[in-house]
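Open the structure in your viewer and keep the sequence beside it. The stops below say what to select and what is there.

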Amino acid sequence: MAEISFTSNLRRHVTCPDETISAETLQDLLQKYFAKHEGVEGYVLDDQGALRHHVVIFIDGEQAKDRSSFTDTLKADSEVHVFQALSGG
């Protein structure tokens, strides 16, 4: 089962506990997570259902490639980390 976790930056705004969820794709994982934790979706996804500009997801240490359909595949023991991306100069 894949484990999803969120950085403390996101946790300051919304309750988003770590979860272990059975999922084959990132889309499946996010759908199942958001169904349990409805308030989190608005902080992670924009109004079109794509990943917000300042959010990034890593799967097993590599950045997720699909920011809108979330077709990235997961392994049975994948670790998924959701970060608030930093910008500026």
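## From the sheet to the core

Start at one end of the chain: select Ala 2, whose bridge partner in strand 2 is Ile 21. The model on screen is a predicted one.

Now widen the selection to strand 1, residues 2–6, and to strand 2, residues 19–21. These two strands pair in the antiparallel sense, over three bridges. Strand 1 is largely enclosed by the rest of the structure, because four of its five residues are buried.

Select strand 3, residues 55–59. Strand 3 and strand 5 pair in the antiparallel sense, with five bridges between them. Here Ile 57 stands opposite Val 82 of strand 5. Strand 3 also pairs with strand 4, again in the antiparallel sense, over two bridges. Phe 58 and Gln 63, the latter in strand 4, stand opposite each other.

With the strands shown together, in what order do they lie in the sheet? The order is 2-1-5-3-4, in an open sheet of five strands with mixed pairing. Strand 2 and strand 4 (62–63) stand at the edges; each has a single partner strand, so one side of each has no neighbour in the sheet.

Turn now to the rings. How many aromatic pairs does a search of the whole structure find? The search finds three. For one of them, select Phe 6 and Tyr 33: the ring centres are 5.0 Å apart and the planes stand at 40°, so this pair is tilted. Phe 6 belongs to strand 1 and Tyr 33 to helix 2 (residues 26–36), so the pair ties together parts that are 27 residues apart in sequence.

Are these two residues buried or exposed? Phe 6 counts as buried, at 7% relative accessibility. Tyr 33 is buried too, with a relative accessible area of 0%. Phe 34 is buried, as Tyr 33 is. Through these ring pairs, Phe 6, Tyr 33 and Phe 34 form a cluster.

The next stop is the largest nonpolar core, which has 25 residues. Select Ile 4, Phe 6, Leu 26, Leu 29, Val 44 and Ile 57, the members that touch the most others. At least two residues of this core come from each of strand 1, helix 2, helix 3 (38–44), strand 3 and strand 5. Which of these elements gives the largest share? Helix 2 does, with five residues. In soluble globular proteins, nonpolar side chains tend to be buried together.

Finish at Val 44 and show what surrounds it. Apart from neighbours within four places in sequence, Val 44 is in contact with Phe 6, Phe 34, Ala 50, Leu 51, Arg 52, Val 55 and Val 82. Among them are two members of the ring cluster, Phe 6 and Phe 34, and Val 82, which stands opposite Ile 57.

How values were computed
Residues are numbered from 1 along each chain as its sequence is written. This is a predicted model: local features need pLDDT of at least 70, side-chain atom pairs count only at pLDDT 80 or more; totals for chains, interfaces and linings use all residues. Side-chain values use heavy atoms; hydrogens and water are left out. Buried means under 20% relative accessible area, exposed over 50%, partly exposed in between (1.4 Å probe, protein chains only). Two strands pair if DSSP finds at least two bridges between them. Rings of Phe, Tyr and Trp (its six-membered ring) pair if their centres lie within 6.5 Å; planes under 30 degrees apart count as stacked, over 60 as edge-to-face and the rest as tilted. A nonpolar core is a set of buried Ala, Val, Leu, Ile, Met, Phe, Trp, Tyr and Cys residues joined through side-chain atoms within 4.5 Å. Contact means heavy atoms within 4.5 Å.
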